[in-house]
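Please read the points below against the coordinates.

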Amino acid sequence: MAKYLLLKHYRGAPASVNDVPMDQWTPEELSAHVQYMEDFAARLEGTGEFVDSQALSPEGTFVRYDGEGRSPVTDGPFAETKDLIAGWMVIDVETYERALELAGELSAAPGAGGKPIHEWLEVRPFLAAPPTITE
Amino acid sequence: MDEALLRTLTPTVIGILVRRGADFAAAEDAVQDALVEAVRVWPDDPPRDPKGWLVAVAWRKFLDAARADTSRRRREVLVEGEPMPDPGEVVDDTLQLYFLCAHPSLTPASAVALTLRAVGGLTTRQIAQAYLVPEATMAQRISRAKRTVSGVRFNQPGDVATVLRVLYLVFNEGYSGDIDLAGEAIRLTRQLAAKAKHEEVAGLLALMLLHHARRPARTRPDGSLVPLAEQDRSLWDTRLIAEGVDVLQAALTRDRLGEFQAQAAIAALHADARTAEETDWVQIVEWYDELVRLTDSPVARLNRAVAVGEADGLRAGLAALAGLDPALPRHAAVAAYLHERDGDPVTAARLYAEAARSAPSLPERDHLTRQAARLNAQLRS
């Protein structure tokens, strides 16, 4: 098994095919979307492939060390930042192909007009623990 | 196997060990070990005297641990040499435990964890699950908390206000896993109310009962939030409401008002209305005025603006809102609500979408996005 991060962006990914902001959907379309996401996670729990799912607030601040005895420097939020991560799902699957298949399904969540959003998700493999046998 | 009984006995048994000379940290560890053994042994071999069994096993665990730790050898001799007081004489150990676990030197998160373990009798694993952190992290948080309070004398009187703050946090925050934190907070507050005659303990208990009563109506089957005005009031738990109102009334007659009694009074007025339209908003505004006077809390002022909007008209509500800092949590949501009622759906939709972006939880974000979507759909048609 290998773990993959399915990343969802507020900004920075190529535009979705069905690209309508959520507050322009109907309440029924919103319900259908939320239901789809819950069913998807429940199904992966059922197959033993679900690890974690979290959502992030859009607000963020950059922080860095500023030397001994000084408070860290903060900066931002930067309106022009290219990438803005909205949340993720972590899955633990047999193959890379399975990770792509699941990301494809997640991207098909219904949006405006009840049609799939075709949202671009980023699939990133986790770096694994080193193997014991190397030769 | 009666887990509820085990959990109720936990603080009593810790108290008895402390009376016998164990320090709090060692007593608490020994009782956790005894609880784990009880869970293993009791199903096949239930004891006739569960409390006596727990005391005996926990004391043995304590002595084993003290013996294993050579640096503690001298104190162990001292402990074994002391006469053991009759556990029957012990009256207020549980109350002392509440004070110790909510000691002002602890951070709120540490006080919550320690209270749930030492007073609530939950295992570290259960507490970790309830707050979505790894078990090892929670174990560290608890042992650090125990080190922090190690110098505090057990029989020192504490401040009820700090205990109430901790119980309020347990009720109001945390994820619902296997452990029902809201139910656990009510159990612990009820137990505290039985031991400490204090108006604000009663006030907090009433507040919890009145809010817990609405729980079945607060979410739809799909998990989405239902605002108070739209809740199916037939789903409210009338038994909990009646108890909450009784507890609150008894507290109010003592005429020592505090913030929890004022909040409970507001909840009681909502509970008293058979429909949203029957709500006595004028009285609710008066209680918010009390709450603002008692706490000077900006959050209370924000909620007061909603009540003023209902009692004195939306323009008055928006005027009450105008003086408040827009950076306040949920400010945009309140503004959106008042603007919609005032007949300005365009502003309301914009504010709901803004509120959704800064929502602190997913259910709230979904709810606020839905409100924006509802208004935008109306505006299109």
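1. How many residue pairs are in polar contact between chain B and chain A? The count is four, both residues at pLDDT 80 or more; a polar contact is a pair of N or O atoms within 3.5 Å, and within protein one must be able to donate a hydrogen and the other to accept it, while residues adjacent in sequence count only if both atoms are side-chain atoms. Between these chains there are zero salt bridges (a side-chain nitrogen of Lys or Arg within 4 Å of a carboxyl oxygen of Asp or Glu).

2. This is a predicted model: local features need pLDDT of at least 70, side-chain atom pairs count only at pLDDT 80 or more, and totals for chains, interfaces and linings use all residues. Residues are numbered from 1 along each chain as written, chains are lettered from A and ligands numbered from 1 in written order, and side-chain values use heavy atoms, without hydrogens or water.

3. Chain A brings 15 residues to the contact and chain B brings 13 (contact: heavy atoms within 4.5 Å). By class, the chain B side has seven charged, four nonpolar and two polar residues.

4. Arg233(B) sits in the loop between helix H12 (215-218) and helix H13 (238-252) of chain B.

5. A polar atom of the Arg233(B) side chain lies 3.5 Å from the backbone oxygen of His270(B). Leaving aside residues up to four places away in sequence, Arg233(B) touches several residues, among them Leu228(B), Ala273(B) and Thr279(B).

Methods. Nonpolar A, V, L, I, M, F, W, Y, C, P; charged D, E, K, R; others polar. Helix = DSSP H or I, 4+ residues; strand = E, 2+ residues; numbered from the N terminus.
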